[in-house]
Amino acid sequence: MRMATKSCNTQTFPERDTCCEASGRPCGRAAAPSRPAPRRPRITNLARSARQAVVSPVRSRPENNPPQAHRVDAATSWPVRPCVEAVNRLKRRFWNCRWRYALCLLPALCLQGPVLATGTGAGTSISNTATTDYVIAGNGSTISSNTVTLRVDEKLDMNLAWQDAGNVSVNTPDNDRVMSYLLTNTGNGNDSYTLGVQNSLGGDQFDPVFVDIYLDANGDGIFNPGTDIPYSAGINDPALDADASLAIFVRNTIPAGLNNGDLGDNRLTATSRTGSGLPGTAFANAGDNGTTAVVGTSGGTDNTTGTYAVSGTSIALLKSVVIADPSGGTRPVPGATMTYSIDASAAGTATASGVVITDPLPANTTYSAGTLSLNAAPLTDGADADAGDVGGTTPNTVTVYLGDLTPASPVQTIAFEVIIN
Ligand SMILES: [Ca+2]
Ligand SMILES: [Ca+2]
Ligand SMILES: [Ca+2]
Ligand SMILES: [Ca+2]
């Protein structure tokens, strides 16, 4: 006979007092040393009726042996009176245990709050039904509990990350210097965000002057003036599905009169428009599909800080990409060719020496051999006498040596192609 569950929820449990195992709080009494093991009975499905109590052997049996059940009547080989006494004793234990079960379950019910899910989508139903099998007089029966169904709430979480490889070099003064960030929805539903910038931060040497925020409209992770769109709070707050990301660009002006080496911090903050606050704060009916929205560990808001560094001369890099897909269009589908261009220029008052441009190849792409060029002149892929290589200096990375650059130097354009895997 298979013991389908230990849960009190099915009101099925062995005579041994483990009715509260489901809540992790044993109700007390250990198994009584009793009659020889083969005859130690257990009660099944007492909730239906104590009159239908089944006394059956508790020992395990091989799957190919038929179940052995014993009715509590004269048809069995058991003496009736001892069996009736046993049933009455078991009835008392059942009622005692049932109340303890109820008391044990109560805290669990009281503590049951909104359902928090790591990755399951908001609004997803989770159902559970317990089943018990038993035998009376050789006839097998199956009983199912009521089904408990819950809907997963929406968890409000996000992550902001500064994307520049290091301090962004600037002049003093300087205009519209771009700082790059990445916003990721780490919750389990669609959410939208209010963005804000804070530049009055201590611990550095100057405060950048905020200009504007841009959203990466074409999804290439690169700031494209004219293509990416300015952000306006309350007008085009970015919305992201669960696990989706969006590049965000903040432009600042750099004040005049600073010294080389001065640092200035720029902080971007994103806050869920659905709700924020202490983790666990719940907003009824505010989640996807009418679920409750629950603030996650992020508090429904995140911020990160990027840093500008003043140098006598700064190198500006402007990267762009042109896509040619296999159908003659411009969609970034597998098999599409992406031609990247990097324009490097110097600004300021001094000479920047030994300028080296490095660009890791994008993940999920394959470099098209022989496509590296500098100012439209081909470069070999190997690390050799010319100015650049792909993978020769650093694996999976484009490296181009530009030498010394001054503000009078022409813009240096590096180009190469990759294919989306
Ligand atoms: Ca939502
Ligand atoms: Ca500051
Ligand atoms: Ca872009
Ligand atoms: Ca080369």
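A nonpolar core is a set of buried Ala, Val, Leu, Ile, Met, Phe, Trp, Tyr and Cys residues joined through C-beta atoms within 7 Å. Buried means that 20 or more other C-beta atoms, placed from the backbone, lie within 10 Å of a residue's own. This is a predicted model, in which local features need pLDDT of at least 70, side-chain atom pairs count only at pLDDT 80 or more, and totals for chains, interfaces and linings use all residues. Residues are numbered from 1 along each chain as its sequence is written, and chains are lettered from A and ligands numbered from 1 in the order in which they are written.

Q: Which residues have the most contacts inside the largest nonpolar core?
A: They are Y181, L183, I248 and V250, in a core of 21 residues. Strand 15 (245-254) is among the elements that give two or more residues to this core, and strand 15 gives the most, with five.

Q: What makes M179 a contact of V250?
A: Two residues are in contact if their C-beta atoms, placed from the backbone, lie within 7 Å. V250 meets this with M179, Y181, V197, I213, N266 and L268, leaving aside neighbours within four places in sequence.

Q: Why are strand 22 and strand 27 called a pair?
A: Strands are DSSP runs of E, at least two residues long, numbered from the N terminus. Two of them pair if DSSP finds at least two bridges between them. Seven bridges join strand 22 to strand 27 (residues 397-405), so they pair, and they run antiparallel.

Q: What makes strand 22 an edge strand?
A: Strand 22 (352-360) pairs on one side only, as does strand 26 (388-390). The open sheet has the order 22-27-26.

Terms used. Helices (H or I, at least four residues) and strands (E, at least two) are DSSP runs, numbered from the N terminus. A residue is buried if 20 or more other C-beta atoms lie within 10 Å of its own, exposed if 12 or fewer, and partly exposed in between; C-beta atoms are placed from the backbone.
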